[in-house]
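These are my notes from a first look through a structure. I wrote down what I looked up, in the order I looked it up.

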Amino acid sequence: MSFFSKSPWIFHYDASSCNGCDIEVLACLTPFYDLERFGIVNTGNPKHADILLITGSVNERNIEIVQNLYRQMPDPKVVVAVGACACSGGIFARAYNIQGGVDKVVPVDVYVPGCAARPESIIDGVVQGIAALEQKRKKTA
Amino acid sequence: MSSLISFLIAFPLLIGTLLLFTWWPKVRNLIVVASCVAVAAVSIATVIQFGNGNGVFFGLPGGVEPGAALIVSEIAMTAFVVAISIYNRRFFAPVLALIQLGIALYLELAGKLPEADPQRLFWFDRLSMVMVLVVGIIGPLICINAIGYMRDYHRSSPMVKGRRNVFFSLLFIFLAGMFGLVASNYLPMMLVFWEVTTLCSFLLIGYSRTDETIGYAFRALNMNLIGGVGFSVAIALLAEQPNGLDLAMLTSGPVSGVLLLAVALLALAGITKSAQMPFSSWLLGAMYAPSPTSALLHSSTMVKAGVFLLLRLSPAMAGSSVGYLVAFVGLLTFLFVSLVAGTEENLKKVLAYSTIGSLGLIGGCAGIGTPELVWAGVMIIIFHAMAKGLLFLTVGTLENRLYTKNIENFDALLSLMPRVSVLMLVGIAGMFIAPFGIVIAKWAAIRAFLAVPGIAGAALVTIMAFGSSLTIFYWGKLLIKIMSARRQSDYERSIERRISWYEWLSEAPLAIGVIAATLLIGPLSDNVVGPWATAAFSAAPRTFLTMDPAALLIMMAAVVFLPAVAYWSWRHPNYDHADFYASGRSTNNAHVMGMALGGIHRVSLRGYYLSGVLDGTLVFNAGTLACAATLLAMVTAGVVAR
Amino acid sequence: MTLAFYALLFVIVAPVFGGLLAGADRIVTARMQSRVGPPLLQPFYDVGKLFQKQSRLLNPIQEPLLLGHVVMMAATGAMMVSGTDLILVTFVFALASLLLVLAAGSAYSPYSFAGAERELIVLLASEPFFILMMAAICKVTDASTFGAVLASPTWVAFQLPGILIAFLMVATIKLRKSPFDISTSHHAHQELVSGLTSDMSGRLLAYVELAHWYESALLCGFAVLLFNWSIPLGIGAFLVAYAAEVLVDNVTSRAKWQLVLRSTWVATLLFAGGNVLALFVVGR
Ligand code: SF4
């Protein structure tokens, strides 16, 4: 039996977002959406997390950080890119310091579109992330 | 018996004199090692010959009278103190020494000193047996350690003039004094041995002969001489009483009147020697002596002489106001120094505070004086002597390799010097982890204090509650530091290889001793400590060893399994390695972290200290004041009782 | 034999109790924030998942230390219910807590280390109270074991009002609730990341959780000692106290360590110490 679908812990990292998506991520935790219903916890620590939730595009200075955070998460793990910026670089894509979407530096499993991504779609993205998590566990197990 | 004890006193004295004139290091090392083996062997032989009886009395071989020898040695020691003090322009010590000599000469010349029974000069019972083993086995081990330590010491402090012949000579003379002290029954004779240990301590503290250490040496001398004066006055009072100078008879049961005053004065001597407040500062100064000195005199043996005397006096003062006040001096000391230890970064000082605290605990046990408490007191002596001796020796070893005594610099010691770390861990565990002796002793103490009625009982229990929690704090901090790990550089990997055999051969047996005593605590209690407490108080101690073997078994299992599992997983790392989390910055296990604008940074972590909530100096002074008042009350109580 | 049975019972039942309590805690907390909250069995799902995750550690001795932490926590409870002297139980309890400190501190990571040091501070803050509490319980009932205290005709809580007050305060520390959750807590977004547990993952974290369940059950056992005339009453009192802790947790923020240490010690000295003093002076 797998417990991953019952207890996916997320770690939220703000790469270089405009903070729009971040506010929506936090909105998921409010009474209105209450992510904790599904056993989801926002851990604030990659070493405890199963799902890495990244908002915003990746810039030159935080490539290293994103890679380190990803590396420090224990297996199995998935990455959910939240918002247009995280998916492709979005509105910042052509800025001088921007690398592009998160998938330029770490493998992304789920892309959540939107600018800003709506809480419903974020939750949907996390749920799909859980499915990806289950698959990865089966592969490693 | 008689000849063996005489050998234990005379032989180290002889070797000490011989070493004074041995300037050739090779020859000296040979003599030291050989005589250490001899001393240890004879100590064991003494214990074997004693068997396990209740206590025997004997005199010098051939029934020799010690009277003249005692007076002569007292005059010699006083002359020495006076000369060296005047040479150093210190005038308090000679006054105290002359007072002492004056009392002794007056008693002798006025014929006040009753004839000593030549067959009752020495008293050897299970407590003496424990002490002889402590002095006769731990002592030689520390002397052997000193060979390696002193070589490195002089290498790393070239300013200090090498007088190693004096150093080793003093160590051996000290051993002679200790053997005499713990086996004495006739009080004037005990006083002479008492002063021998005081003088050795004084000279060893001042070994490096800098202004600083000379100051500390005189502080130690002054305070110990105050105790000596107390001892002398007690002898003068006791000389008037029938059989007063016979320690065994004096302490066969509760006393009153003049005897109680004398007991209070003897307790004062015990308190100064065991460095309890208000006399604690001398032991802290003594930490400037070379580390083997700290190990031998200032933790394992000499300071134990103080609490040894208190334990001896325990049946006499139990239940009296003097006894209560002695207990309060001890426990207040325990509480205050534990608080100060939580503010201290210098490991040697932490060890010193912890030593004072443990001695205070023993003093507290002896003062209240129930079979359980004195049982606990002797247990602490045994475990503390081995564990603390070991800790001081390992700190000495570290000091000569890492050039620091600061706890904060011992990061990742376990990967830097794994063997030394393991020795230290054993020592620390011996100091405060259940079921090692001291925890059991604390437990017994709280149990017994619960039975003490009134405000005194409540205060004692409360002090114990806070004091023993504080010990967890400062040892815990040290454990964290030692246990952390990191990748080593090549230089670091070579450090441990440069430790001499002298040091390994002395530290390892002590660690083994701690472990053996832990595993054999049952037989130790049943055959040695328990019967002694029974004999001293005519009642058997009810300890949890007898009450709850299951609990003991569980804790034993923990003590055996946890290190075994830890060792196994250390050798067979079956885990995925991670780098430490630093908010996403690159890190590695050499404690290095990448910085935001390039470059790397060595991470260094500093612990929390109680200095964040209290002022160590202030607490120390407050404790000194409180204990001084208690001590004054103690002597007053004795005077009133008269 | 019955004693061994009680010990076994504790080892088996305590984690269930502790886990359910943690689940209830999360629901109650959520309701206080007008959320629905996770299912009651959520803590068990979490621990189950942690055992399925990869475990990574910084220092190989962390795992034995954490295993030791769980085993010693369980052993503390088992020893308590099977008749070990209560004062000795508090010493073993402190040792069990110390193992967690060592496991975290030996990681040599800034956040873990700070968490470990703070845990040591709260250990120092809480330990005197537990010793005093046990001493007071032993004093009023004239007993020294769990069974004997329960069998005693004295109603402990009536004679130990000060201890009860201080218990509420110190339990905040042991249950890792604000304002005393300075070393780690279950909530995200903190200045210390996860403090103590920052660098533990997978089964290592599961051990910590498991040990915490045992610890909750142990505290409940302490409450039973205080309300010794009926076991359900003791458990009930503990649950009420726990609910109060959850409320406090939700309305306060973390204190600085100095404040934690000072306030707990003052409370211990004033309420527990005063209570003990009264017992010795007035009592038999
Ligand atoms: S996707 Fe839109 S809302 Fe989200 S971070 Fe980018 S710009 Fe901001």
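**Where chain C meets chain B**

I began with polar contacts and counted 10 residue pairs between chain C and chain B, both residues of each pair at pLDDT 80 or more. I then asked which elements of chain C give two or more residues to the side that touches chain B, and got strand E1 (56-57), helix H3 (62-81), helix H4 (86-105), helix H5 (110-141) and helix H11 (257-282). H5(C) gives the largest share of that side, with 17 residues. Sorted by class, the side of chain C that touches chain B has 43 nonpolar, 12 polar and nine charged residues. I note here that this is a predicted model.

Next I looked up the extent of the contact. I found 64 residues of chain C in contact with 68 residues of chain B. The two chains bury about 5800 Å² between them, and 78% of that area is on carbon and sulfur atoms.

**Salt bridges between C and B**

How many salt bridges does the rule find across the interface of chain C and chain B? I got two. In one entry, Arg447(B) and Asp85(C) meet through their side chains at 2.7 Å, N to O. In another, the side chains of Glu117(C) and Lys477(B) meet at 3.3 Å, N to O. This pair crosses from helix H5 of chain C, where Glu117(C) lies, to helix H20 (residues 454-483) of chain B, where Lys477(B) lies.

**Arg118(C)**

I stayed in helix H5 of chain C and looked up Arg118(C), which lies there. Its relative accessible area is 14%, so it is buried, the cut-off being under 20%. The side chain of Arg118(C) makes a polar contact of 3.0 Å with that of Tyr608(B). Leaving out residues up to four places away in sequence, Arg118(C) touches Tyr608(B), and within chain C it touches Ile182(C), Ser183(C), Glu191(C), Leu192(C) and Arg254(C).

**A strand pair across the chains**

I also looked for strand pairing between B and C. Strand E3 (residues 576-577) of chain B is joined to E1(C) by two bridges, and the strands run parallel. Asp576(B) stands opposite Arg56(C) in this pairing.

**Where chain A meets chain C**

I turned to chain A. Its contact with chain C takes 30 residues from chain A and 29 residues from chain C. The area buried here is about 2400 Å², and carbon and sulfur atoms give 50% of it. I counted six salt bridges between these chains and 23 residue pairs in polar contact, with both residues at pLDDT 80 or more. On the side of chain A that touches chain C, the elements giving two or more residues are E2 and helix H2 (63-72) of chain A. By class, that side has 11 nonpolar, 10 polar and nine charged residues.

I then looked up individual pairs. Asp199(C) and Lys47(A) form a salt bridge at 2.6 Å, N to O. Lys49(C) forms one with Asp50(A), with the closest N and O atoms 2.7 Å apart. The second pair runs from helix H2 (residues 42-52) of chain C to the loop between E2 and E3 of chain A. Lys49(C) is buried at a relative accessible area of 0%, and Asp50(A) is buried at 0%. I also noted a network of salt bridges that links Asp34(A), Glu36(A), Arg26(C), Arg35(C) and Asp46(C).

**One salt bridge within chain C**

The count over all chains is 23 salt bridges. I picked out Asp25(C) and Lys177(C), whose side chains meet at 2.3 Å, N to O. Asp25(C) lies in helix H1 (residues 2-32) and Lys177(C) in the loop between helix H8 (161-174) and helix H9 (203-226), so the pair ties together parts of chain C that are 152 residues apart in sequence. Both Asp25(C) and Lys177(C) are buried.

**Sheets**

In chain A I found an open sheet of five strands in the order E2-E1-E3-E5-E7, with parallel pairing. Its edge strands are E2 (41-42) and E7 (110-112), each pairing on one side only. In chain B, three strands form an open sheet in the order E4-E5-E6, with antiparallel pairing.

Note on methods:
Residues numbered from 1 in each chain as written. Chains lettered and ligands numbered in written order. Predicted model: local features only at pLDDT ≥ 70, side-chain atom pairs only at ≥ 80, totals over all residues. Heavy atoms only, no water. Contact = heavy atoms within 4.5 Å. Buried area = accessible area lost by both parts, 1.4 Å probe. Salt bridge = Lys/Arg side-chain N within 4 Å of Asp/Glu carboxyl O. Polar contact = N/O pair within 3.5 Å; in protein donor to acceptor, adjacent residues only side chain to side chain. Helix = DSSP H or I, 4+ residues; strand = E, 2+ residues; numbered from the N terminus. Nonpolar A, V, L, I, M, F, W, Y, C, P; charged D, E, K, R; others polar. Pairing = 2+ DSSP bridges. Buried < 20%, exposed > 50% of the residue type's maximum accessible area, 1.4 Å probe, protein only.
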